[in-house]
Amino acid sequence: MTTAPHPTHPDHPQEAAHLQGTIQAMLERINAWEDRDRNVGADLETSVTMADVAEEHAAVLSPHVHAPYFGSLRVRVGGKTHTLYIGKHAFRDLKGPHSVTSWESDVGSLFYSEALRWTPKRGPEGTILRRRQLDVRDKTLRAVVDLYDVDAGGDTGGREEVLLRRLAEGSTTGMRDVVETLQPEQNDAMRAPAGTHTLIQGAAGSGKTTIGFHRLAWMSHPDRGVHMARPEACMVLMPNAVLASYAARVLPGLQLEGVTVTTPETWAVGFLGLEKLEITDRTLTLLLTDRDNTRRAAAWRKAKLLGDLRMLQVVRQHLHGKFRAGLAGADLRLNVEVRRAPLTLTLDHATLSGLLEDVLARDPLEGYRHAYRAALEAEVLARANASDAEEAGVLRQVAQDLTRLLGRVFGNVLPVSEARRLLTDEAALRAAADGILKDRMIDVLLSDPLTAVPRPRRANADVTELPLMLAVQALMGGLGRVVGRTLEPYDHLVLDEAQDYSPLLYTLLGRATRPGHLTALGDLNQGLHGYKGPSQWADVQAALGGGTQLTLTRTYRSTRQITALAAQVAATYNRAGAVVGVDRDGPEVLRLTGGGVPHLAAQAVKAMQAAGHTNIALVTRRTADADALVPQLQAHDVDSQPITNEQARYRGGVVILPVNLAKGLEFDGCVVVGADADNYDPDTEYENRLLYVSASRGLHMLALVAQRDLHPLLG
Ligand SMILES: Nc1ncnc2c1ncn2[C@@H]1O[C@H](COP(=O)(O)OP(=O)(O)OP(=O)(O)O)[C@@H](O)[C@H]1O
């Protein structure tokens with residue numbers, strides 16, 4: 001849906017002329033860049049390089065010619081008035097008034113904030129006179145709306161008008177950028193100071209995922225100075241692969257090429273080199289299937305403890321004990337030749353042990369094996385009194401002996417087996433947890449409340465064990481981004497659905513990135529996996545050693561009717577109270593009951609299509625229901641695509657998917673299939689949370705379908 005041009009604003013003609021001037025200036029610049037004859041340097045090689053660079057500039061600017069900017073700022077600085085145009089890409093018009101400032105720059109921020117004054121890095125204080133939205137599409141100015149205008153008395157209400165118009169548009173098959181309509185509180189969250197971990201709490205639909213990606217774009221802008229992040233050195237972790245691919249489609253528009261977007265499990269097994277392992281979540285299976293409250297509580301307690309911050313100390317103490325035992329009784333006699341003279345160096349046990357203790361006392365994690373080797377080598381070189389030129393030769397002579405010793409101390413420490421040994425060998429656990437965990441906690445770790453939940457036949461690891469395995473790996477070899485044969489910290493890490501990460505995982509991820517370069521976005525009230533996640537943001541701050549916590553208070557996704565219904569469901573478990581929705585009107589929620597579910601579901605889809613919507617989801621409680629529904633709908637003349645595993649990709653149209661894969665996705669219309677108490681047990685909080693996810697996927701239309709009565713919360 002596009003808005004027709006409506007030139008009602010008195011400045012429309014003048015703005016339209018400025019737009020044409022900007023387009024012209026941009027085209028001229030692109031032509032100049034593309035003209036190889038102009039890019040001539042002193043020699044052929046320089047000329048080729050110059051021409052290549054110029055062509056790259058042209059390629060980057062070209063996509064922005066059809067909409068060079070979306071807003072303007074009128075400011076007064078030092079008695080002079082200027083108008084700055086704000087766009088998705090900066091453009092410097094060297095000869096005229098058609099420059100464009102990029103939205104991620106420090107000045108760009110003034111367009112979104114509510115500030116009326118600012119102090120530039122240099123020069124006198126400035127005053128904002130006007131903020132203006134310019135709806136430009138296909139090189140045409142469609143609307144001029146003032147958001148703030150001193151001459152018109154200040155705030156005009158225009159920001160809300162533009163936002164509502166944008167939200168009324170149809171959904172797309174990938175996440176959209178919101179650069180043009182970013183709201184002040186979102187702007188503050190996105191631009192929270194670089195170099196400080198940032199934790200953003202926000203209700204469903206408040207734009208968390210969107211803000212996470214925009215923050216990466218902001219972080220990769222040169223204005224961030226030493227904190228600037230390279231997209232290819234950044235990673236975003238999302239709850240499932242379907243959502244990851246949906247969200248990643250926003251990257252090119254934000255000029256973020258090369259960011260890794262994946263799930264925490266995929267990243268963890270990849271990093272550990274365990275891609276063949278099947279990942280289970282047996283705690284979740286038990287919580288969903290076992291009716292015994294004592295067992296459920298025991299499973300919950302154990303999962304929570306496995307993700308507790310103190311487990312890092314337990315793993316550390318366990319490994320230290322192992323290394324000390326490995327070194328017991330060892331000494332080193334090294335025969336080397338220095339300056340042609342034979343020399344015997346003896347590193348007795350006390351020396352070896354002292355060096356090991358120095359390494360073990362170090363923090364942060366950097367890899368014990370590597371650090372101990374470096375410490376031994378330094379000791380050998382000092383004793384051999386080797387000059388810089390002789391160092392390599394001496395080290396070559398002792399390499400084998402050192403490797404043998406390292407094998408004795410660090411050999412046989414593999415993440416999977418070591419993490420499991422800790423949890424199954426009572427003596428090992430008691431020794432490792434001594435002084436760290438209370439006895440009753442150790443008993444919880446040794447208990448196995450999941451015996452009734454089958455394990456897959458294939459080699460497997462449970463999501464609750466993964467952080468422990470990562471901890472072992474981190475202590476042994478460090479943690480970070482693999483670059484060739486070394487590890488480097490990520491430039492920036494973004495965690496989506498951050499309520500599902502354990503404090504232990506937080507502390508590990510915090511060490512895998514540059515200091516202060518982790519952004520976590522989540523809703524503690526929405527957690528589907530409370531047994532893994534933190535209870536409060538303060539737990540995350542403790543795990544990361546600090547961090548700023550911000551809150552987004554408004555939600556944008558759905559119409560008033562859908563938001564109100566979803567809020568009704570959330571009220572049963574949500575401690576945060578009512579969420580403020582955007583006041584966007586839509587059709588009443590359709591309630592279809594008393595008949596065959598496929599028939600009713602088809603009826604709902606057809607009603608949505610008749611209203612002009614194309615992207616429609618039918619959300620079922622289980623995967624099997626989704627599979628079964630595809631042919632049943634076909635019998636009612638509705639073609640649909642199933643999304644029933646993480647490899648499937650959302651390509652638009654009518655899709656059927658189970659609720660666990662629907663999280664984070666959104667559609668023009670959403671049909672909750674089987675919206676009753678049989679499918680979503682009203683007595684189980686987890687089920688109510690799932691029902692909330694199902695009911696909150698629609699932007700414009702929602703239908704509830706049940707064979708008999710609707711779920712009591714949807715009445
Ligand atoms: N400033 C904005 N302008 C226009 N649309 C917006 C804005 N902020 C958010 N939206 C829209 O609101 C919807 C929800 O955004 P998003 O998915 O990022 O929210 P979320 O907080 O991650 O939701 P959830 O918790 O359900 O995953 C999206 O359609 C997004 O495009």
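**Where the ligand sits**

Because domain 1 (12-167) and domain 2 (184-281 + 479-555) both give residues to the shell around the ligand, the ligand shell lies between these two domains; the domain bounds come from an automatic or database domain assignment. The model is predicted, with local features needing pLDDT of at least 70 and side-chain atom pairs counting only at pLDDT 80 or more, while totals for chains, interfaces and linings use all residues. Residues are numbered from 1 along each chain as its sequence is written.

**Domains**

- Besides domain 1 and domain 2, the protein chain holds domain 3 (329-410) and domain 4 (560-714).
- Between the C-alpha centres of domain 1 and domain 4 there is a distance of 41 Å.

**The ligand shell**

- Among the 22 residues around the ligand, the nearest are Ala204, Gly207, Lys208, Thr209 and Thr210, where a residue is near a molecule if its C-beta atom, placed from the backbone, lies within 6 Å of it.
- Sorted by class, the shell has six nonpolar, 10 polar and six charged residues, with Ala, Val, Leu, Ile, Met, Phe, Trp, Tyr, Cys and Pro counting as nonpolar, Asp, Glu, Lys and Arg as charged, and the others, Gly among them, as polar.
- At least two shell residues come from each of helix H4 (158-167) and H6; helices (at least four residues) and strands (at least two) are DSSP runs, numbered from the N terminus.

**The annotated binding site**

- The unreviewed UniProt entry places a "binding site" feature at Gly202, Ala203, Ala204, Gly205, Ser206, Gly207, Lys208 and Thr209, although such annotations may be inferred rather than shown by experiment.
- Gly205 is placed in the loop between strand E8 (198-202) and helix H6 (208-219), and Gly207 is found in the loop between E8 and H6.
- Gly205 counts as buried because it has 25 C-beta neighbours inside 10 Å, the scale being buried at 20 or more other C-beta atoms within 10 Å, exposed at 12 or fewer and partly exposed in between, with C-beta atoms placed from the backbone.
- Gly207 counts as buried because it has 24 such neighbours inside 10 Å.
- Leaving out residues up to four places away in sequence, Gly205 touches Thr555, Tyr556, Arg557, Ser558 and Ser696, contact meaning C-beta atoms, placed from the backbone, within 7 Å.
- With the sequence exclusion of up to four places, Gly207 touches Val178, Gln186, Gly202, Leu552 and Tyr556.

**Val409**

- Val409 lies in helix H14 (residues 388-410) and counts as buried because it has 20 C-beta neighbours inside 10 Å.
- From C-alpha to C-alpha, Val409 and Thr8 are 78 Å apart in space, and they are 401 residues apart in sequence.

Methods: Two residues are in contact if their C-beta atoms, placed from the backbone, lie within 7 Å.
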